Amino acid sequence: MKQRLGIWSFIGAAVVLVFLNFSCGKGGDNTTTTGTDSILVNIGTNIILPGYQSLAGSVNSLDSAIIDFNASPNSTKLSNLQSLFKTAYVNWVSVSMYNYEGPASDNQPPLSGLDKFPASASIIESNISAYTPSININSYANQSAKGFPALDYLLFANSSNLLTNYTTDANAANRKQYLALIAADIKTEINNVLNGWMTSYNNTFMVGTGTSVSSSLGLTINSLDQEVDILKNYRIGVPLGAVLVDSAGVNPTQVEAYYSGISAQLIVTQVKAMQGLYLGTGTNGNGLGLTTYLTQSGKTYGGFTGASLDAQIKAQFTLVLTDMQSVSDPLSATIQTNAAPATKAFTDIQHLLLLLKTDMPSLLGVAITYGDNDGD
């Protein structure tokens, strides 16, 4: 699959929350209210932007630590790198649901390219062996040899010989340069996106009222649902064998963060972040979120009122979190010895996706425009 610029300050005008009026069908009218602004102010200013700031801070620290490690590699510095990497990866999945809107989508390459897992060990090792400063890490051929999955491989694979790979190995110098290249690329891309949010896009986001595809609500729901699809299909479905790829059966090496072994932790973190967006409470949120659109919509769809659908979604988030919190890391090992808890989580994520991708958008009049191939 997406440099700390300082503490961002935003002074927003107070906006009065009023009753929201939505169309109940897809592609409905684009009625706007000051209430819509209040919710978008909270989501943009108190949830999304602080999330990107935390991510940028963590990747900046990781990049600096890699520079220091490369100057004089030792086991203490390596252990510190591994810890900083895990923190950065956790922060990444906390905002990856926004990869398909605004600066993250407009970034070249798109920010989602930073997490195209699993990493290709063969491509990475080939790039290291033939390393030159002119290598284009953002080429199509290198999409599985960059980003967080590449760092996961470079900092955790072959653990018994890991430090040797950066000291006395014949390719040690090239490996250090490749490690630095990957980290610098992550840092640059994430800081570009943060800068986009800080300089202009948050203001655009807050006034992007209505329910059209290009509205902030439309973009956010589409981006959220696309990431839930990826969660269902690739973070858990493919490894379980519930979603077929090249072969049937369990595919343990297909998990995210295979080498560091934090796959289940990343899923729990991501679902909590999605729940925080929905509730409007993530990071510094004040409780105005997607839940507010539903509960104040006054609309019905498929037997649901806004309030009853809201209750269903809240309950499903809780159920998925309970499921995943019972799944031990490393996920790659757990699904081979006791797949039942992860299988239950997969089933419940399917139901959550149905609520978020079909029922909620239909009730609010938001069209889902991205494509997937599994039929949910």
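P252 lies in the loop between α8 (216-240) and α9 (263-279), where helices are DSSP runs of H or I with at least four residues, numbered from the N terminus. The model is predicted: local features need pLDDT of at least 70 and side-chain atom pairs pLDDT 80 or more, while totals for chains, interfaces and linings use all residues. Residues are numbered from 1 along each chain as its sequence is written, and side-chain values use heavy atoms, with hydrogens and water left out.

P252 is buried, at a relative accessible area of 18%; buried means under 20% (1.4 Å probe, protein chains only). Leaving aside neighbours within four places in sequence, P252 is in contact (heavy atoms within 4.5 Å) with P239, Y258, S332, I335 and Q336. L240 is twelve residues from P252 in sequence, and their C-alpha atoms are 7.5 Å apart.

In α9, 14 of 17 residues are buried. Just after α9, G280 takes a positive phi of about 80 degrees.

| Helix | Residues | Members of the contact |
|---|---|---|
| α2 | 75-95 | L78, L81, Q82, F85, K86, A88, Y89, W92 |
| α5 | 147-156 | F148, P149, L151, D152, L155, F156 |

The axes of α2 and α5, lines fitted to C-alpha atoms over the stretch in contact, come within 10 Å and cross at roughly 160 degrees, on a scale from 0 to 180 degrees between N-to-C directions. That makes α2 roughly antiparallel to α5, a term for angles over 145 degrees.

Note on methods. Helix = DSSP H or I, 4+ residues; strand = E, 2+ residues; numbered from the N terminus. Buried < 20%, exposed > 50% of the residue type's maximum accessible area, 1.4 Å probe, protein only. Parallel < 35°, antiparallel > 145°, perpendicular 65-115°, else oblique.
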